[in-house]
Amino acid sequence: MASLAEYRFSDFLKVENILCHLAVADWETAVEALVGVLHKNHPIFNPADAVGACMERERATSTVITPRLALPHARVAGMAHVLVGIATLAAPVLFSEKDRGPVDVVILILTPKSSPGLYLQVLAALSQEFRSPETLDKLMLCKTPQEVVALFDQHGLHLPAFLRARDVM
């Protein structure tokens, strides 16, 4: 198995797990849609458990990490590898902490329960990548899932081999 330093974020992306210009009324529906598409393409986990874990996590602490971007995530039983779903939204929605502003992009991360550090590695890489608002602007311009994958491929986003406090703050 490759070390984490050898993984690029695009290694976790699959075209069939990306929804461009998804029309939803609220954040819960966006999370449900992403869990649904991940389960449809990878029926290795219980979707109700994944949705419940994501909702519980969001209600405990908002997953809006930067203006316009939410990273809902959960560790899920029965999984052997990371699953990532991305949705660019047709219209922005507010997440649980409304003062964080509306969200245009939702990146859902499901990781195995047996790998508690792995989702932190993925979150750290994405947090670094999206510090620049231009990255979100480019992502919102993508019209197809193939363009989304190409964008992340082009950026060459690597998972950090070791976490530092600044990687997740």
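**Briefing: helix 2 and its surroundings**

The buried residues of helix 2 pack against helix 1 (27–41), strand 4 (73–76) and strand 6 (102–112). This is a predicted model, in which local features need pLDDT of at least 70 and side-chain atom pairs count only at pLDDT 80 or more, while totals for chains, interfaces and linings use all residues. Residues are numbered from 1 along each chain as its sequence is written, and side-chain values use heavy atoms, with hydrogens and water left out. Helices (H or I, at least four residues) and strands (E, at least two) are DSSP runs, numbered from the N terminus.

**Helix 2**

- Ala50, Val51, Cys54, Met55 and Glu58 are the residues described as buried in helix 2, where buried means under 20% relative accessible area, exposed over 50% and partly exposed in between, with a 1.4 Å probe and protein chains only.
- At the start of helix 2, the backbone nitrogen of Ala48 lies within 2.8 Å of a side-chain oxygen of Asn46.

**Glu58**

- Glu58 is buried yet has no salt bridge, a term for a side-chain nitrogen of Lys or Arg within 4 Å of a carboxyl oxygen of Asp or Glu.
- The nearest side chain of opposite charge to Glu58 is that of Arg57, 6.4 Å away.
- Not counting residues up to four places away in sequence, Glu58 touches Trp27, Thr63, Phe95 and Ser96, contact meaning heavy atoms within 4.5 Å.

**Residues in the strands**

- Pro92, whose place is in strand 5 (residues 83–94), counts as partly exposed at 47% relative accessibility.
- The C-alpha atoms of Pro92 and Ala23 are separated by 9.2 Å, although these residues are 69 residues apart along the chain.
- His21, in strand 1 (residues 18–22), is not a glycine and yet has a positive phi of about 60°.
- Arg68, in strand 3 (residues 68–70), has a positive phi near 85° in a residue other than glycine.

Methods
Polar contact = N/O pair within 3.5 Å; in protein donor to acceptor, adjacent residues only side chain to side chain. Lys, Arg positive; Asp, Glu negative; His and termini not counted.
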